[in-house]
Amino acid sequence: MHKFVYFAVYLKNVCNIIYLTNFYTMIYIGLIIAVLLVAAGLVAMKWPGLISFYSLMTPQEREKVDMKAAGKSSAVIMAVTGLACAVLYYVTYFMGHPALALALCIVAMMAGVIVLTAVLRKYDHNTQRKKANVHIIVVAVFMVAICIMLWSWSRPVRIAVTEDEIEISGSYGVTVDRGSIRSVQLLDSLPEIEVRTNGIGMGNIQKGHFRIEGFGSCRLYVDLKYPPFVLLGLDTGEIIIFNTKNPSETESLYRACLDFPDAR
């Protein structure tokens with residue numbers, strides 16, 4: 001059971017890497033997830049002893065499990081989960097929300113794990129029910145935690161410009177003193193992201209530390225879907241780039257930054 005949980009977390013990281021490598025390969029992620037889940041279901045139907053918590057049982061415990069029926073149910077549940085992941089992913093992706101598409105895929109997989117665990121219990125005629133209940137609770141709590149984490153990561157940053165500083169709050173937030181700003185630019189487009197060194201990459205949403213073509217190391221707080229972008233050059237050599245989902249608001253923030261005495 002825990003293998004499925006680890007797989008979901010690993011898959012999210014893989015999705016982020018794929019996005020940073022080539023945006024258009026994201027279109028294949030829904031298909032890849034569906035194929036892998038269906039394939040795993042077929043393997044479970046053919047060799048039900050490979051199902052994680054069955055594989056840990058003693059031979060005596062396995063004798064009290066209807067392995068054939070468990071394998072068939074696993075195949076059906078995983079196939080349905082794969083189909084649900086693909087449908088949720090592509091519907092959301094083509095609506096223009098790739099970050100949400102990835103999040104919904106992970107949620108669907110976690111839901112599939114809970115359903116699979118609950119269904120497989122009825123084929124296990126051993127008396128250790130409390131342990132199975134604990135597994136279901138742990139997976140459910142983990143699923144809620146993943147949903148909260150993804151929701152938090154996908155939230156837009158909050159940007160406030162005051163007389164003394166610029167505060168960017170949210171994941172990987174930072175406060176910039178007005179005296180440290182040496183240059184301000186308004187970019188119509190963002191150069192290519194070369195690599196994410198320490199941050200969050202969820203579709204169009206990029207937060208944290210990245211390497212940008214032509215600029216080197218930068219802090220990003222951007223939604224790539226909504227140009228323009230404000231670039232701040234600091235006296236330390238650091239570069240910060242941010243925007244909002246409202247282009248007019250981004251331009252207003254740019255003008256506010258230009259009012260800082262040392263900015264040019």
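**Note on the predicted model**

1. Threonine 92 is buried, its relative accessible area being 8%. This is a predicted model, and the residue sits in helix α5, which covers residues 67-94. The side chain of threonine 92 turns to the backbone of the chain: it reaches the backbone oxygen of leucine 88 at 2.7 Å.

2. Some overall values for the chain follow. The protein chain contains 8 helices and 9 strands. Of its 264 residues, 44% are buried. The accessible surface is about 13,700 Å², with carbon and sulfur atoms accounting for 62% of that area. Taking contacts between residues at least 6 apart in sequence, 59% join residues at least 24 apart.

3. The sheet is open and has 6 strands, in the order β4-β8-β9-β7-β6-β5, and its pairing is mixed. Strands β4 and β5 (193-202) form the edges; each has a single partner strand, so one side of each lacks a neighbour in the sheet. From one strand to the next the twist averages 20°. Strands of a sheet pair through backbone hydrogen bonds, in either the parallel or the antiparallel sense.

4. Within this sheet, β8 and β9 are antiparallel and pair over 4 bridges. Valine 230 has phenylalanine 242, in β9, standing opposite. Helix α8 (residues 247-258) packs on the sheet and touches β4, β8 and β9. The direction of helix α8 makes about 155° with that of β4.

5. How many salt bridges does the model have? The count comes to 2. In one of them, the side chains of aspartate 235 and arginine 182 meet at 3.8 Å, N to O. Aspartate 235 is partly exposed at 45% relative accessibility. Arginine 182 is also partly exposed, at 30%.

6. Glutamate 238 and arginine 219 meet through their side chains in a salt bridge of 2.6 Å, N to O. This pair links distant parts of the chain, 19 residues apart: glutamate 238 is in the loop between β8 and β9, and arginine 219 is in strand β7 (residues 216-223). Is arginine 219 buried or exposed? Arginine 219 is buried, because its relative accessible area of 17% falls under the 20% limit. Glutamate 238, with a relative accessible area of 28%, is partly exposed.

7. Two backbone features deserve a look. Which residues does the cis peptide bond join? The bond lies between proline 227 and proline 228, with omega about 5°. Proline 228 is part of the loop between β7 and β8.

8. The other backbone feature is at tyrosine 172, where phi is near 60°, a positive value in a residue other than glycine. Tyrosine 172 is in the loop between β2 (165-169) and β3 (174-177). With 31% relative accessibility, tyrosine 172 counts as partly exposed.

How values were computed: Residues numbered from 1 in each chain as written. Predicted model: local features only at pLDDT ≥ 70, side-chain atom pairs only at ≥ 80, totals over all residues. Heavy atoms only, no water. Helix = DSSP H or I, 4+ residues; strand = E, 2+ residues; numbered from the N terminus. Buried < 20%, exposed > 50% of the residue type's maximum accessible area, 1.4 Å probe, protein only. Contact = heavy atoms within 4.5 Å. Areas by Shrake-Rupley, 256 points an atom, 1.4 Å probe, with all protein chains shown as cover. Polar contact = N/O pair within 3.5 Å; in protein donor to acceptor, adjacent residues only side chain to side chain. Salt bridge = Lys/Arg side-chain N within 4 Å of Asp/Glu carboxyl O. Pairing = 2+ DSSP bridges. Axes fitted to C-alpha atoms, helices over the stretch in contact; angles between N-to-C directions.
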